[in-house]
Amino acid sequence: MAEQPAFDIPELKPYPVIPKLVEDAMAHSQPFVAKSDFQGPLGFPGELVDDWQDVAVKKMGELTDRYRSLQVFLDSCVKCGACTDKCHYYLGTTDPKNMPVARQDLFRKVYRRHYTFAGKYLPWLVGAEDLTEEVLDDWYKYFHQCSQCRRCSVYCPYGIDTAEISMAAREVMDSIGKGQKYCNEIIGKVHTIGNNLGLPEPALVDTLEGLEEEIEEDTGVAVKFPVDQKGADILLVTPSADFFAEPHVDGLIGYAKVLHEAGLSWTLSSHASEAANFGMFIGSYENMRKVALRIREAALDLGVKRIVFGECGHAWRVAYSFLNTLAGPFDFLDPNYPVPQHICEVTHGLIQEGKLRLDKSQNDDMVMTYHDSCNVARASRMGDVPGGQFTIPRDIIRASCNHFYDMPADTVREATYCCGGGGGLLTDDLIELRVKGALPRMEALKQVVDDHGVTHMAAICAICKSQFAKVLTYYGFQMDQIVSVHQLVSNAIVLTGSEQEKEAELSEAA
Amino acid sequence: MDAASLALTFLYYGAALVLALGLALRIRRYATVPAPLKIPTTPAPTNRIGVVLRMIRELTLFESLFKSNKWIWLFGWMFHFGLLLVLLRHLRYFTDPVWGWVAFLQPYGKYASLMMVLGLLGLWFRRVAVDRVRYISALSDHLMLALLIAIGVTGIAMSFAVGTDVVAVKAFFLGLMWFDWQPLPSDPLLYGHLVLVALLMLIFPFSKLLHAPGMFFSPTRNQADNPRERRHVSAWALKLEKGNG
């Protein structure tokens, strides 16, 4: 292991066990607070305002006027307990405030105190509380221990989605000047530089040229990574981690090979060189919209006909579910294609049409499993039928690999566990939370490793990939056991005119 | 008319008014607050018929709860389905002549009260015995169960054990409906039952019992999964667009 952590790593048990709760087990965990320089540009006060209680309570009222989800969810919970064992952070940390209902109640008790009859006059009866400094501290800690993965919403009899409450709480905290450093700095970078990682255009172009050389060396084929090419048919919007992080970049190479082989004309945009939209994590419609509008601007500016998104979970939620709302209508694009499309939809379609040759044996050194990313699984779709978000990536993996096994049924598809780093928590100041939150996924992985000899896990989310690359090692796995789905395609694809094609022809002839 | 009957007459008018008005205002609130984003929990139906079917499954089978926890599902379903039959059975106190299907349900409704109370006891047991559920329970969560159980037990006692003058009870409620007030039989058990039911009606619009109307307005369940096909924009978001878009 690379480093000695200052906390206990949970033990991987052969069968999942619902832990006994341990109060305040994670009360020490909180992310760095955003500095005032990063608050202002997003429209938030730089530091905690003087009358923060009043401002916060008023903001709560504004949000319940704005979002039916929040209003209905705050009223409807009956405390049945169905969600209490569904959150990966509860399972990994045993802190009761990480049970979805308890997390919601941190917000709900203040809502009740100020906005319900019972809470105003009989607070002791219904557990209503004022927004004290202590409660605000709890908000800051525990609303940053929710990855907004929506697993609880699957199991709630009323569909109460803690993500909605979590987003609202973060928006309230931003409005009183208590923002989270990681998310708010990143949103700032998107606006000033164009992507989350702050990679300026020359560096981006340079990186992509390097990838072009690499592919040509490997295959003998000149696969291009066009940037800002006006008149291209497809605008590809991909998480900036794809430009250099491992294993993300191998996925990017995969998209490029697929698009090249299919003869599609495409381009990246330096203006919208980021698919991620952290505006969602902080619950700010305005910020989310502003980030989303870059993509519309890029599409108009470049005159493209289609928009395709790369492998990124929350980005795909914003793209699939919200882009039309935030930045539509997209009547200037080719109506024959959905707006936007996922790269997996494109690749899957091409495989179906027989336009790609895939040599599965190229991936024979791996026995695969697949991690459904939460936002793709529970907040979006691919293809024409519900559940396409589960079948399409698996179809692609099966078309590219000979060996594939699913993890246990209660840990995949709509029941999938978050990687532990989603929702704006992928930051080193939350490493203990990230490691512990990964526990349920790690247990499921361990099971297929033991039962089927699985060696690698594929994902289609930049956050999942970064998170696993970091936390796998804490559980005795290797960091390179996480791969991109399009990395598998990249390995298997036989490009026309490539060395691989010639070899294949030779071996067929012989 | 005796004082107790008079008091219950006014109590029931008051309780009915609070329940109807309280619920109407709450429902209006849920219906008018916009849902600016498409947030169905997927996989979700892609059209309205599918959504209606999903809601019917949630309402009648508690589909999500079944996926979640078999014990809560069992106790919860016993309670709610029992309550439904009991409520339908009680229609006989408000209709004259009694509708045929209500008369048919009569014996089932009677025994459903036992199922209802058993379900409630199961839920209360979990609330006390399971550390996670105990942690999230406020005093009101326990009292709500106590109230429902007390209503059930007083009703069961009258149905199965001591009996009461049901003809007079019916006359009382028909009298309330037609403003031709009639006295109640002087029966402490009956008073107890009726006061508790009125209390439940009064509490309903101010409590977690709002999950009943709330579930119909839950965007994660009642939205169709079609954001790419149809643009979904709320009024306030549209204003935002016009303002600086």
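Helix α22 (residues 485-492) of chain A lies across β6 and β7 of chain A, running at about 70° to β7(A). Helices (H or I, at least four residues) and strands (E, at least two) are DSSP runs, numbered from the N terminus. Angles run from 0 to 180 degrees between N-to-C directions, with axes fitted as lines to C-alpha atoms, for helices over the stretch in contact. Contact here is a matter of C-beta atoms, placed from the backbone, lying within 7 Å.

This is a predicted model, in which local features need pLDDT of at least 70 and side-chain atom pairs count only at pLDDT 80 or more, while totals for chains, interfaces and linings use all residues. Residues are numbered from 1 along each chain as its sequence is written, with chains lettered from A and ligands numbered from 1 in the order in which they are written.

- Three strands of chain A form an open sheet in the order β5-β6-β7, with parallel pairing (two strands pair if DSSP finds at least two bridges between them).
- β5 (368-370) and β7 (482-484) of chain A are the edge strands, each with a single partner, so one side of each has no neighbour in the sheet.
- On average, neighbouring strands of this sheet are turned by 40° against each other, direction ignored.
- Strand β6 (residues 456-459) of chain A pairs with β7(A) in the parallel sense over three bridges, and A:Ala459 stands opposite A:Ser484 in β7(A).

**Helix pairs in chain A**
- Helix α2 (residues 52-66) and helix α5 (residues 100-115) of chain A pack at an angle of about 95°, their axes 10 Å apart.
- α2(A) and α5(A) are therefore roughly perpendicular to each other (65 to 115 degrees; under 35 counts as roughly parallel, over 145 as roughly antiparallel, and the rest as oblique).
- On α2(A), A:Val57, A:Met60, A:Gly61 and A:Thr64 meet A:Val110, A:Tyr111, A:His114 and A:Tyr115 of α5(A).
- The axes of helix α16 (residues 343-352) and helix α18 (residues 388-400) of chain A come within 9 Å and cross at roughly 50°, so α16(A) and α18(A) are oblique to each other.
- Residues making this contact include A:Cys344 and A:Ile351 of α16(A), and A:Ile392 and A:Ala399 of α18(A).

**Where chain A meets chain B**
- In total, 57 residues of chain A are in contact with 55 residues of chain B.
- α3(A) gives the most to the side of chain A that touches chain B, with six residues.

Technical notes. Contact = placed C-beta atoms within 7 Å.
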